[in-house]
Amino acid sequence: MFYKGMDISFVPQYEAEGIQMKDMDGTVMDPFDLVQKYGVNAIRLRIWHTPENVKHSGGYCNLQHTIAMAKRIKAHDMAFMLDFHYSDFWADPGHQVKPKAWENFSLEELQEAVYSYTRDTLLELKRQEVMPDIVQIGNEIRSGLLFPEGELPRYEQMVKLVNAGIEGAKAVGDPDLKIMIHLDQGGRYFYLKEWFDKSFRNGLKDFDLIGLSYYPFWHGTYTDLKETMERLIGDYHKPVMIVETAHAWRKCEGGFIDEMQEKIAGFPANPQGQRQVLELVSSIVASLPDHMGQGIFYWEPLCVPKEAEGGWAGNMGILDEEGKAMEGILAFTFDSEHVEKDRWAKIYEPQTIAAQAGQTVLLPETVSVLLADGRIKQEKVTWQEGNSVTCTEIGSRIVYGQAGERKSPVQMEIRTERTLEAGANLVADPNWDEGMSRWQVESSGDEVIAQLFPEFVDPYPAPPLNALRVECARHFRYQISQQVTLAEAGQYCLQAEFQGTDTTGVDVRLFARQGETVRELVMHLTEHGFEAGRIEDLELEKGTVTIGVHIDASPMYGMVRRFSLVRTG
């Protein structure tokens, strides 16, 4: 079964407020009938311990509400996932507050409480004949749970608490119940691998499913998501599911994402863009080998915007201000058995080129195309004006072309100025906000692991400061490069920051290549922080120069960030 799910835990609250939900034509419908009509086959519910202790909860998501909702799920013959937050209110990577009833418990008492609460809750659901199919032991527990006792880096204590939940679920004696571990940062392999490796080393008990949150404006690129899931499956031999995802249907005052987050997500904040994102995430999950990608869940889509209120309901659901379903709901008609893996999901159009009056600009020969299964491939571009453009008029102009045999339309902007300022960074997308779409990658094999590794100042900034992390368990070669167009000859400075393992047989080089001329800087890495590598007094001619990093190394890890190429004279 491929789960096409939604978390609709807010529904009882909306219904109590008299909010009606409508089909795309305006017909009022029961929310379960509405979503089932468009292919939703699974519902996820959160459960809070004693939400009555928190005024803002309204008392919702307690056991009684959960039973009532579960009966509606079963009546519609849908799968049921239960998400234990182990809190009286919200739990996420930044908030894992113990229930008030457990505030003064010791670690041992917390273990017993988690065990008995999990067991007893599930036994009551079983008695009511609404047993879940999947149960989550905690919500987004990448930073731990039940703070401070279960807060990381206290892995030993955290694992004891997670194991108590696993044992409580197994004590119910239902052989069909699947147990899930749920972490956020679905496209950040190194974060997740560290969590699982350290947890298993500290005795984490066996479970059935890996659940991930993946919001494309927070958690990495679509290619990152594909590669992360593939590697988790290979490392731990567990099926993977996206249990939280979403995309905005508009930008609005006080809404949940801004211009930069929309750019990072790569699709517009409109109903069509929302549908495209959901279909793309579904395709990536369904394309995983051996049916190990088992579905997606949209987090809280049945929310209705309220006048003068922003937040999640303002632009992240699939209902408009009248409660009417929008185009995004059609994404749940997705057919997991007939995925078009080679379908073009998005063309990464070339970035704007800054040119100087009189300069002849070479147009890029290829563009990066994102496929429906998360791969990126290069497609040749045929430009209407040939392979180059001479910039004569000051201002901006658009150049049009066609990509690949499909002749899909492509355009790029050329901005012409009288003179170009020294000091501007000429590297396209140096922070990898669009993943590796602007870079050429060469690798010695699939065993080389390369992925973006973000540094967050706050829980969810946009964008983070990204570094590219590369590692391999055997001798390997890896190179990233980019062709940069120079408006004029002169002196330039190429710079990047490096960190990693410096051991026998490690050769890491920052390079600039123009024609037959190559300038290189050998980097000596350190694990104690990033250090800058700089090639100064770089004499370059007008035209294109290839810049990048080359690694030829024994088993190691290396990281690079903050690429820049600037004119200095």
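Helix α9, residues 271-286 of this predicted model, has 16 residues that should span 22 Å at 1.5 Å a residue, and its end C-alpha atoms lie 23 Å apart, which agrees with that expectation. Twelve of the 16 residues of α9 are buried, so this helix is largely enclosed by the rest of the structure. The buried residues are Pro271, Gly273, Gln274, Val277, Leu278, Leu280, Val281, Ser282, Ser283, Ile284, Val285 and Ala286. They pack against helix α7 and against the strands β9 (240-245), β10 (293-299), β11 (344-348) and β14 (366-371).

In α6 the buried residues are Tyr189, Phe190, Tyr191, Leu192, Trp195, Phe196 and Ser199. An α-helix has 3.6 residues a turn, so residues three or four places apart point the same way. The elements that cover the buried residues of α6 include the helices α5 (155-170) and α7 (222-236), together with the strands β7 (178-183), β8 (209-213), β20 (449-455) and β21 (465-472). After α6 comes Gly203, whose phi is positive, near 100°.

Leaving aside neighbours within four places in sequence, Pro454 is in contact with Arg188, Tyr191, Pro464, Leu465 and Asn466, and Tyr191 is one of the buried residues of α6. Pro454 and Arg469 are separated by 15 residues in sequence and by 9.6 Å in space, taken from C-alpha to C-alpha.

| Helix pair | Axes come within | Crossing angle | Handedness |
|---|---|---|---|
| α4 (residues 107-127) and α5 | 7 Å | roughly 25° | right-handed |
| α3 (residues 63-75) and α4 | 11 Å | roughly 40° | right-handed |

For the pair α4 and α5, whose axes cross at roughly 25°, the angle makes α4 roughly parallel to α5, as angles under 35 degrees count as roughly parallel. On the α4 side the contact is formed by Leu107, Leu110, Gln111, Val114, Tyr115, Thr118, Arg119 and Leu122, which meet Gln157, Lys160, Leu161, Ala164, Gly165, Glu167, Gly168 and Ala169 in α5. Sorted by class, this contact of α4 with α5 has eight nonpolar, five polar and three charged residues.

Which residues does Thr118 touch, not counting those up to four places away in sequence? Thr118, which is found in helix α4, touches Phe84, Tyr86, Gly165, Gly168 and Ala169 under that condition, and among these Gly165, Gly168 and Ala169 belong to the α5 side of the helix contact. Thr118 is buried, with a relative accessible area of 0%.

For the other pair, the axes of α3 and α4 come within 11 Å and cross at roughly 40°. The contact is made by Leu63, Thr66 and Ile67 of α3 and by Thr121, Glu124 and Leu125 of α4. By class, the residues of the contact of α3 with α4 divide into three nonpolar, two polar and one charged.

Technical notes
Residues numbered from 1 in each chain as written. Predicted model: local features only at pLDDT ≥ 70, side-chain atom pairs only at ≥ 80, totals over all residues. Heavy atoms only, no water. Buried < 20%, exposed > 50% of the residue type's maximum accessible area, 1.4 Å probe, protein only. Helix = DSSP H or I, 4+ residues; strand = E, 2+ residues; numbered from the N terminus. Contact = heavy atoms within 4.5 Å. Axes fitted to C-alpha atoms, helices over the stretch in contact; angles between N-to-C directions. Parallel < 35°, antiparallel > 145°, perpendicular 65-115°, else oblique. Left-handed = near helix turned anticlockwise from the far one by under 90°. Nonpolar A, V, L, I, M, F, W, Y, C, P; charged D, E, K, R; others polar. Expected span 1.5 Å × (residues − 1).
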